Amino acid sequence: GPTSSITVPAHNNPYTAMPTLSGTASDNDAGGNRAGINPGDVKVSVRDLYSGKYWDGGVGFNSGAEAFFAAAGTAAWTYSDTTLSAGYASGRKYLVRVQARDAAAPVNIQPELLPSVTYTIDTTAPVSSATFPGNGNFQQPFSTLSGTAVDALPATVPVSTGTGVAGLSLVDVELKNVTDTFYWTGSSWTANPAWARAGGTSAWTLAVASATIWTDGKQYSVRARARDAVANVETPAPAVTFRIDASTPTSTIYPPVSGSFYNAALTAIGGNASDPSAGTASGVNRVRVSLYRSAPTTGYWNTSAFAAATEYFHQAASTNPWTWTAPAFTEGNYTVHAVAEDNAVPGVNVETPGPVSNFTYDVTAPVSTVTAPANGAKLAAPPAVSGTATDNSGAPGLSLVQVSVKDQQEGKWWNGSTFTATL
């Protein structure tokens, strides 16, 4: 009996369109007497595996029963119908079968187990996105961009055994220096628009040299463009934009003034903090403060005592200016250390080392004595007055010593040149 085969489409291949089906047919009578195949006796059927319906020959896939239609040619046959091509729907699988009959009487028809080929029509472009860096981020320099892509079915076609897609082929990435209008080729910057080939598809990456391509404070954008196995190319989505922030913020401490001595309550420690280049930097996120006592005992303030052996930080209120409520001070030597952090991601830029302010808290008055004249002495002439004065250990030291002399009989005070009624 006759036999036939299908050449196009190839089994399980995806296509954007399939206007012409083709194959071969022959009459192979076992006795050597071949009647041949008459024109029109090679016939094909096409079934939509999603809906289960067959091609009806002119309107669409509407037939519930298998319907065969005559192909052109015999030994090399083709079947082409513009309405068939128009009737295909993206994301669906189709099954084509071919059947040949010879010219013998009675006619020999190819057995029921007919040659068949399954193929997929895919006219839907894949979709991709850039997931790192995030849109609007102030980004620390990094070495790899990344994102995702998917070759999905049309929204109106649910996943089933009768649906399919071509699958992703590649992803290209456009990395642009928006500030200077330059494009990354994969190895260098160019003034001409360029796309760099990513590694991977559904989860793609693009490696760059972080130490060489980024410029602090400049804005960049990234967008992806995916292509599937039948060359459906995505129209890229709007770009993700970000700015490089490699600069650390700075802070100051005031009060206390470094090197100062205080004898009044110092209830708040404060200062200012800023991130350079407003608008091109991420801004100060927070200021952290540590307080260390070096004498008479040592340790960092840990919310309840100067007992922490390692530096212990506390978050200040606000940033510019910033304040931190200090604990009650006792006499001693102290060091305040401030560190500002910005909003860059993923790890923030941290001020290093940050300012310090050393000060002494001293509420003990100095002590003085009069050594000459001796107490109760009776002298023939006014003596030279002398004595001693000391400040407590660790204190700032003496600033001055003042002496008063009173005429006990007259009740007057010496003003440096005469005795007067007032001190």
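**Loops first, then a sheet**

Select the loop between β28 (314-315) and β29 (322-325), where Ser318 is found. The model is predicted. Ser318 is not a glycine, yet its phi is positive, about 60°. Is Ser318 buried or exposed? Its relative accessible area is 52%, and exposed means over 50%, so Ser318 counts as exposed.

Next, go to Thr303, in the loop between β26 (299-301) and β27 (306-308). Thr303 also has a positive phi, about 90°, although it is not a glycine. Thr303 has 54% relative accessibility and therefore counts as exposed.

Most residues other than glycine have a negative phi, and most peptide bonds are trans. The next two stops concern peptide bonds.

Select Thr352 and Pro353: a cis peptide bond joins them, with omega about 0°. Pro353 lies in the loop between β30 (332-342) and β31 (356-361).

Now select Phe132 and Pro133, which are joined by a cis peptide bond with omega about 5°. Pro133 sits in the loop between β11 and β12 (138-139).

Finally, display β11, β13 and β18. In that order they form an open sheet of three strands, paired antiparallel. Which strands stand at the edges? They are β11 (127-132) and β18 (203-207); each has a single partner strand, so one side of each lacks a neighbour in the sheet. Neighbouring strands here are turned by 30° against each other on average, direction ignored.

Zoom in on β13 (residues 144-150), which pairs with β18 over five bridges in the antiparallel sense.

How values were computed
Residues numbered from 1 in each chain as written. Predicted model: local features only at pLDDT ≥ 70, side-chain atom pairs only at ≥ 80, totals over all residues. Heavy atoms only, no water. Pairing = 2+ DSSP bridges. Helix = DSSP H or I, 4+ residues; strand = E, 2+ residues; numbered from the N terminus. Axes fitted to C-alpha atoms, helices over the stretch in contact; angles between N-to-C directions. Buried < 20%, exposed > 50% of the residue type's maximum accessible area, 1.4 Å probe, protein only.
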